[in-house]
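Here's a short tour of one protein model. Have a look at the picture first, then read on.

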Amino acid sequence: MNPRTTTSPTVPADPEATAAAEASDAEEIPTEKAASEDASDDLDPDDLDLDELDDDSGKEPSGLGSAAASVVAAGLGVVALTGSWTGKVAAERETLIGQIKSANGGTAAQQISEIYGDAWHTTALVNGLFALLALLVGVFALVRPAFGAPSAHPQPGWVRAVATAGIVLGALGLLLSAAMYFDLIVALPTATAAQ
């Protein structure tokens with residue numbers, strides 16, 4: 001028990017004061033409930049603007065897309081120069097078709113063209129498609145920051161360097177594929193007449 005208290009525990013409290021305090025507490029509770037109900041009635045779900053909560057306009061673009069595109073462009077450029085599994089399968093398919101077509105006979109030039117030349121050109125075509133794709137993706141990665149909202153942070157130097165490497169590899173692959181397709185690098189073998 002607190003020694004500073006003026007009332008003793010044996011002295012009964014005034015019953016009229018206790019009743020008045022309970023009545024005032026009872027009046028305050030409904031008033032608070034009514035105030036909270038009025039506030040909830042004022043809120044209409046249609047009036048809430050949820051777009052303000054999802055507004056991403058203040059966020060800076062991360063540049064992840066450009067970085068990924070530059071790496072993809074460099075990878076596609078390497079594939080265009082070294083060849084791909086897809087090109088190998090397409091070339092083997094053309095070789096098989098050429099063997100089937102030339103099984104019935106034909107001149108040596110026709111057999112070379114059907115078996116060797118078509119496979120060679122198919123490989124060049126597939127490599128050229130990879131080179132073109134590398135070129136386009138690399139250009140996209142370089143010019144992407146020029147479109148859209150301006151960023152306070154410029155594109156990192158390594159992204160520009162890798163995208164440029166993808167463009168160069170793609171252009172070189174496209175050039176070599178075109179030369180290969182049109183037999184400018186290595187011509188098809190020719191059959192010599194029997195002596």
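## The overall layout

The protein chain has five helices and zero strands, counting helices (H or I) of at least four residues and strands (E) of at least two as DSSP runs, numbered from the N terminus. Along the sequence, that gives the pattern α-α-α-α-α.

Keep in mind that this is a predicted model, where local features need pLDDT of at least 70 and side-chain atom pairs count only at pLDDT 80 or more, while totals for chains, interfaces and linings use all residues. Residues are numbered from 1 along each chain as its sequence is written, and side-chain values use heavy atoms, leaving out hydrogens and water.

## Surface and contacts

Of the 195 residues in the protein chain, 19% are buried (under 20% relative accessible area, with a 1.4 Å probe and protein chains only). Take contacts (heavy atoms within 4.5 Å) between residues at least 6 apart in sequence: 83% of them join residues at least 24 apart.

## The largest nonpolar core

Which residues form the largest nonpolar core? There are seven: A69, A73, L76, A134, V137, A141 and A163.

Leaving aside residues up to four places away in sequence, L76 touches F130, L133, A134 and V137.

## A look at T122

T122 sits in helix α4 (residues 108-143). With a relative accessible area of 17%, T122 counts as buried. Not counting residues up to four places away in sequence, T122 touches A90, A91 and E94.

Technical notes: Buried < 20%, exposed > 50% of the residue type's maximum accessible area, 1.4 Å probe, protein only. Core = buried A, V, L, I, M, F, W, Y, C linked by side-chain atoms within 4.5 Å.
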